[in-house]
Amino acid sequence: MAAAKSNTNWFVIGVSAAVVVVLAVLAFVVVSLNNQATDPGTAPQSSIVNEETGAISFGAGEDEIDTYVDFMCPVCGQFEDAYGEQLQTAAADNKITLNIHPVSILNRYSTTGQYSSLSAGSMYCVAAEAPDATLDYFNLLFTNQPEENSAGLSVEELSALAEQAGAGAAADCIADGTYTKFADSQTKAHDIKGTPTVEVNGTRIDNSEIATEFAKILG
C-alpha cells in the first residue's frame, strides 16, 4: 500500500511560529517601555540629599518645612520672593529644617518640553557635586527664571549659573542629565499636581494657609 500522503501544513505552522515570535518581541518592547517609564533613575549621593524622599535639606531644626518647586513655575518664583530669604535664614540658624524638593510638572510649558526636568536634575547635580553651593544655585535659578512657553535655560546657561554659584564641578552632570529621571520619579512619588506645594511637619497645607503656618514657626 502506498504511504499515506502527509497532511502537515507547513505554511500554517510557519505563519503560527512567526506570529509567536512577533508577539514575544512586542511583549519585550512593552515591558521595556514600561520599565523606562517607571525607572526611578540614579539617586544623587550627597550629605544633604535624602535618596528616598528626594529632599535637599538645610538646617537641623525640630520643625520641618518641605517645599516642592518647579523652576519654570512663576508662582514658585513669587513664593521665593515672599518667603525664600526668611526660610533660608531660619534654616541657617537651625530654627527649622528646610527640605527643598525640585520637581518637574511643567515641562509642557517649555518649548523644548524638558526644562522642568532639566533644571530639577541640575539642582541635584549641584547638591551632589558642591553641596555648599546648592542654595546659591537654587536662588540663581529663580533670579534667572525663564518665562513660561519659552525654551528655558540651556544646559550651557545652567552650567554657567552653577559656575557662578561655585559649583563648576557639576557641569558634566548637568550636561548628561544624570538626575533628571530621579527628579521626575520623585515628582510622581509625592503626587505633586501643582507648585509650590508646602508641607509643615509632614502635613501638606493649602496655599492659603502658608502665611499663618509660617508665622507660627518663624514668628
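Is C125 buried or exposed? At 1% relative accessibility, C125 counts as buried, where buried means under 20% relative accessible area, exposed over 50% and partly exposed in between, with a 1.4 Å probe and protein chains only. The views below come from a predicted model, in which local features need pLDDT of at least 70, side-chain atom pairs count only at pLDDT 80 or more, and totals for chains, interfaces and linings use all residues. Residues are numbered from 1 along each chain as its sequence is written, and side-chain values use heavy atoms, with hydrogens and water left out.

**View 1. The disulfide between C125 and C173.** A disulfide is taken as a pair of cysteine sulfur atoms within 2.5 Å, and the count by this rule is one. The S to S distance between C125 and C173 is 2.1 Å. C125 belongs to helix α3 (residues 115-129) and C173 to helix α6 (residues 171-176), so the pair ties together parts that are 48 residues apart in sequence. Helices (H or I, at least four residues) and strands (E, at least two) are DSSP runs, numbered from the N terminus. The torsion about the S-S bond is about -75°, so the disulfide is left-handed. C173 is buried at 8% relative accessibility. Two further cysteines are also buried, C73 with a relative accessible area of 4% and C76 with 0%.

**View 2. The five-stranded open sheet.** The strand order is β1-β3-β2-β4-β5, with mixed pairing; two strands pair if DSSP finds at least two bridges between them. β1 (56-58) and β5 (203-205) are the edge strands, each pairing on one side only. From one strand to the next the twist averages 25°. Antiparallel β1 and β3 (residues 96-102) are joined by three bridges, with I56 opposite I100. Helix α2 (residues 74-92) lies across β1, β2 (63-69), β3 and β4 (197-200), and runs at about 145° to β3. Axes are lines fitted to C-alpha atoms, for helices over the stretch in contact, and angles run from 0 to 180 degrees between N-to-C directions.

**View 3. Strand β4 and its partners.** β4 pairs with β2 in the antiparallel sense over four bridges, and D66 stands opposite E199. Three bridges join β4 to antiparallel β5, where V200 faces T203. A hairpin is formed by β4 and β5 with two residues between them, and N201 in the turn has a positive phi of about 50°. T197 and E199 point one way from β4, V198 and V200 point the other way, and all are buried.

**View 4. The largest nonpolar core.** Such a core is a set of buried Ala, Val, Leu, Ile, Met, Phe, Trp, Tyr and Cys residues joined through side-chain atoms within 4.5 Å. The largest has 58 residues, and those with the most contacts inside it are I96, Y137 and F214. Helix α3 gives the most to this core, with nine residues. Not counting residues up to four places away in sequence, F214 touches I65, F79, Y83, L87, V198, V200 and G219; contact means heavy atoms within 4.5 Å. Seven of the ten residues of helix α4 (residues 134-143) are buried, so this helix is largely enclosed by the rest of the structure. Among the buried residues of α4 are Y137, F138 and L141.

**View 5. The surroundings of S110.** S110 is placed in the loop between β3 and α3 and is buried at 6% relative accessibility. Its side chain reaches the backbone nitrogen of Y115 at 3.2 Å. Neighbours within four places in sequence aside, S110 is in contact with M72, Y115, S150 and A151.

Technical notes
A polar contact is a pair of N or O atoms within 3.5 Å; within protein, one must be able to donate a hydrogen and the other to accept it, and residues adjacent in sequence count only if both atoms are side-chain atoms.
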